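Visitor: Could you walk me through this model, step by step?
Guide: Gladly, let us look at it together.

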Amino acid sequence: MQDVGSLIRNDSVHRSIYTDQHIFDMEMDLIFNKTWVFLAHACEIAEEGDYKTTYIGRHPIIVTRLAGGTVTALINRCRHRGPIVCQHEYGNSKHFRCPYHSWTYDNSGNLIGVPMPQGYGKSFDRTQLGLTRVPRVAEYQGFIFGCMTEFGPTLEEHLGGITKFLDAYVAVSPTGKIDLFEGTQKCGYNGNWKYQLENGVDPYHVGALHLSAVTPEAMEIYRQGRGSVVAMDGHGVTDHTDWGPMPVDASLSGGFNLVIFPNLIVLRSQIRTVRPIAVDRTEIYTNAVRLQNVAEDVNLRRMRDQEFEFGAAGTFFTDDLEIFERTQEGLQSGAVDWVVFARGLDREEMRNGYMTGSMSDETQHRGMYQNWKRMMTSVTSPALAAE
Ligand SMILES: [Fe+2]
């Protein structure tokens, strides 16, 4: 096994970070098991007893609102023989019962029922057999995250400068809070999860891959290179706010794209959750975002944006999904090792404390890969130690 740090150069990354199953295993361990991972929006579990099932890397997760309003996240894995105890995407329940042998847990995870308990001896301690809890759960502007480590940066420290953009994102709503439309659009592609993270903040490709989908006015702005890209605390930002009047519908949020490493993308009308499944398989869940206390036609325009542009059948997203699979195919070739992220290296500059590039540059990608490298080399991986 080569040194993982050597796979990331300032102007390029090695193809194996997209194709090597061992690297993927390390990512699950050193990234998804260590940092804050997006779980749910608060509106998805608004009422006491509401739950949603999701994932932190390979862990199936139940995130649920308890009595009193606090949110907890549990590993969705029966402590008896291991099946997931809840297979529904959403619901409301005070308990979760494993369908295999009916071990039953309350929604804070305590084991409250075992059929025919007399079969277990004195050493059987049900207080030790509750659903495993995700050590930390925290929320920012309605976005709920979980972290598999007990210690480390707080959620706000992890988000860093991104908090300012999340504040602006929800401020478009008259109440200062957003909701999601009911229902999640799911799709998947046969390619590495990081293509979607790169693509979420990649203005350079818009005028090429999406030529047929972009209006002439917007295309002119891309050609002029207005706006900026920012490497922000390990996350990526495309900032269009200095475009002036937006060429897109004013009912849409922000004027920026955010890639919140490692699994959340925030776009003008939508949030996107990235689920890595294997080195060459990824699922993406998209949710259209609603504003509170606005005329319904404003929200319907946002839903049209989901349907026609950024949703699973939208003009933009279908182009992107296709190119992710073509990229995976191209990178199978070991004849060429390096993937180039050199654009803007000679013109990027520190602005407001963050490395900032011109609209079509790859500054934000370089920042995300330096963060990837830091996480992948910060401690010895058990997977590596076993080699
Ligand atoms: Fe795209």
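Predicted model: local features only at pLDDT ≥ 70, side-chain atom pairs only at ≥ 80, totals over all residues.

Visitor: Which residues coordinate the iron ion?
Guide: The donor atoms lie at 2.0 to 2.5 Å from the iron ion. Along the chain they follow the spacing H-x4-H-x109-D.

Visitor: What arrangement do the four donor atoms make around the iron ion?
Guide: A tetrahedral site would need all angles between 85 and 135 degrees. Here the angles run from 56 to 148 degrees, so the arrangement is irregular.

Visitor: Is His210 buried or exposed?
Guide: Buried means under 20% relative accessible area. His210 has 1% relative accessibility, so His210 is buried.

Visitor: How far apart are the end C-alpha atoms of helix H9?
Guide: Helix H9 covers residues 315-331, which is 17 residues. At 1.5 Å a residue, the helix should span 24 Å. The computed distance agrees with that: 25 Å.

Visitor: Where on H9 do the buried residues lie?
Guide: Among the buried residues of H9 are Phe316, Asp320 and Phe324. Seen down the axis, the buried residues fall within an arc of 130 degrees, so they line one face of the helix.

Visitor: Which exposed residues does the face of H9 turned away from its buried side carry?
Guide: Exposed means over 50% relative accessible area. On that face, the exposed residues are Arg326 and Glu329.

Visitor: How many disulfides are there?
Guide: A disulfide needs two cysteine sulfur atoms within 2.5 Å. For Cys187, the nearest cysteine sulfur, that of Cys43, is 20 Å away. The count of disulfides is zero.

Note on methods. Residues numbered from 1 in each chain as written. Heavy atoms only, no water. Donors = N, O, S within 2.8 Å, 3.2 Å for Na, K, Ca; no water. Tetrahedral: all angles 85-135°; square planar, octahedral: opposite > 155°, others 65-115°. Buried < 20%, exposed > 50% of the residue type's maximum accessible area, 1.4 Å probe, protein only. Helix = DSSP H or I, 4+ residues; strand = E, 2+ residues; numbered from the N terminus. Expected span 1.5 Å × (residues − 1). Arc of directions from axis to C-beta.
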